[in-house]
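I opened a new structure today. These are my notes on what I looked up.

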Amino acid sequence: MDLEELNNKKKELLGQINAYEELQSGLEYIMRYNRENYANEKLKVYTTAYEPHLEEITESNVADILEQLTNNLLKVSEEINHIKMSAK
């Protein structure tokens, strides 16, 4: 990959991380609401945006995805830094 492709990948990963952080924040808010009002212990949020069937999303799933996206971002950032250092 060249520097432009890596920067685009970095922007894409940052956008995904931001979206999942917002989802995580929303899940935490819903969990607190449920605990205070309904005593539900497990929170499920379903989406059909990318799948024709229902997909379960839990707090632990979101945390795992955030960890993977962060690791991917670190790898891309290291590649960008390597290219920049090699160009000097």
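My entries go from the whole chain to single residues.

**Ground rules.** I am working with a predicted model, where local features need pLDDT of at least 70, side-chain atom pairs count only at pLDDT 80 or more, and totals for chains, interfaces and linings use all residues. Residues are numbered from 1 along each chain as its sequence is written, and side-chain values use heavy atoms, with hydrogens and water left out.

**Entry 1: layout.** I looked up the secondary structure and found two helices and two strands. I took helices (H or I, at least four residues) and strands (E, at least two) as DSSP runs, numbered from the N terminus. Read from the N terminus, the order is α-β-β-α.

**Entry 2: whole-chain values.** The protein has 88 residues, and 17% of them are buried. For me, buried means under 20% relative accessible area, exposed means over 50%, and partly exposed is in between (1.4 Å probe, protein chains only). The accessible surface is about 6800 Å². Carbon and sulfur atoms hold 50% of that surface. These areas come from the Shrake-Rupley method with a 1.4 Å probe; for residues, only the protein chains shown count as cover.

I then turned to contacts, meaning heavy atoms within 4.5 Å. Of the contacts with a separation of 6 or more, 62% join residues 24 or more positions apart.

**Entry 3: helix α2.** I checked the span of α2, which covers residues 59–87. The expected span is 1.5 Å times one less than the number of residues. For its 29 residues that gives 42 Å, and the end C-alpha atoms are 42 Å apart, so the two agree. Its buried residues are V62, L66, L69, L73, V76 and I80.

**Entry 4: the core.** Which residues make up the largest nonpolar core? I found 10: L6, L13, I17, L27, V62, L66, L69, L73, V76 and I80. The largest share, six residues, comes from α2. A nonpolar core here is a set of buried Ala, Val, Leu, Ile, Met, Phe, Trp, Tyr and Cys residues joined through side-chain atoms within 4.5 Å. In soluble globular proteins, nonpolar side chains tend to be buried together.

Leaving out residues up to four places away in sequence, L69 touches L13, Q16, I17 and Y20.

Entry 5: Is I80 buried or exposed? I80 is buried, because its relative accessibility is 3%. Beyond four places in sequence, I80 contacts L3, L6, N7 and K10. I80 and D2 are 78 residues apart along the chain, yet their C-alpha atoms are separated by 8.6 Å.

I83 also lies in helix α2. I83 counts as partly exposed, at 27% relative accessibility. With residues up to four places away not counted, I83 touches M1, D2, L3 and L6. I83 and M1 are 82 residues apart in sequence and 9.7 Å apart, C-alpha to C-alpha.

**Entry 6: Y33.** Y33 lies in helix α1. Y33 is partly exposed, with a relative accessible area of 40%.
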